[in-house]
Amino acid sequence: MPNATVNLIPIPAKSRPTRCEGPHCQMPIYKVPHPATGRQHPVSVNVAIDERCTWPTDTAPGLGVSHFADCPDAQLFRSRRGAGAARGAQ
Ligand SMILES: [Zn+2]
């Protein structure tokens with residue numbers, strides 16, 4: 001199944017990219033508040049995932065996709081977070 005439902009996440013104007021911490025990734029990403037949760041979320045501008053992606057400029061916002069969709073180290077993030085959350089819950 002192609003991923004037909006890609007959620008585009010707005011990147012505010014003047015956002016500055018940072019580098020993904022994934023050892024195999026190092027892609028430029030933006031950390032922006034996720035529209036649904038309000039929590040900081042890694043977002044990448046990747047036209048291979050969705051051609052509507054655009055880089056933000058000083059005057060215009062951009063559009064990106066959740067970096068978990070294209071990060072080669074996404075599992076590493078998730079397992080770290082998941083482990084922490086699971087321990088905290090118990
Ligand atoms: Zn990454």
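Visitor: How many bridges join strand 2 to strand 3?
Guide: 2 bridges join them, and the two strands run antiparallel. Strand 3 covers residues 28-33. Strands here are DSSP runs of E, at least two residues, and helices are runs of H or I, at least four residues; both are numbered from the N terminus. Two strands pair if DSSP finds at least two bridges between them.

Visitor: Is this predicted or experimental, and how are residues numbered?
Guide: This is a predicted model: local features need pLDDT of at least 70, side-chain atom pairs count only at pLDDT 80 or more, and totals for chains, interfaces and linings use all residues. Residues are numbered from 1 along each chain as its sequence is written.

Visitor: Back to strand 3. Which residue there is the bridge partner of R19?
Guide: P28 is the partner of R19.

Visitor: And how many bridges join strand 3 to strand 4?
Guide: There are 4 bridges, again with an antiparallel run; strand 4 is residues 40-44. Y30 stands opposite V43. K31 has P42 as its bridge partner.

Visitor: What about strand 4 and strand 5?
Guide: Antiparallel too, joined by 2 bridges, with strand 5 at residues 62-66. S44 stands opposite V65 there.

Visitor: So what is the strand order in the sheet?
Guide: The order is 1-5-4-3-2, in an open sheet of 5 strands with antiparallel pairing. Strand 1 and strand 2 are the edge strands, each pairing on one side only. As a rule, strands of a sheet pair through backbone hydrogen bonds, either parallel or antiparallel.

Visitor: New topic. Which residues make up the largest nonpolar core?
Guide: It has 11 residues: I9, I11, C20, I29, Y30, V32, V43, V45, C53, V65 and C71. Strand 1 and strand 3 are the elements that give two or more residues to this core. The largest share, 3 residues, comes from strand 3. A nonpolar core is a set of buried Ala, Val, Leu, Ile, Met, Phe, Trp, Tyr and Cys residues joined through C-beta atoms within 7 Å.

Visitor: What counts as buried?
Guide: 20 or more other C-beta atoms within 10 Å of the residue's own; exposed is 12 or fewer, partly exposed is in between, and C-beta atoms are placed from the backbone. Buried residues make up 20% of the 90 in the chain.

Visitor: Which residues does I11 touch?
Guide: Leaving aside neighbours within four places in sequence, its contacts are Y30, V32, V43, P56, P61, G62, L63 and G64. Contact means C-beta atoms, placed from the backbone, within 7 Å.

Visitor: And P12, buried or exposed?
Guide: P12 is exposed, because it has 12 other C-beta atoms within 10 Å. P12 lies in the loop between strand 1 (8-11) and strand 2 (18-19). Not counting residues up to four places away, P12 touches V32, P56 and P61.

Methods
Two residues are in contact if their C-beta atoms, placed from the backbone, lie within 7 Å.
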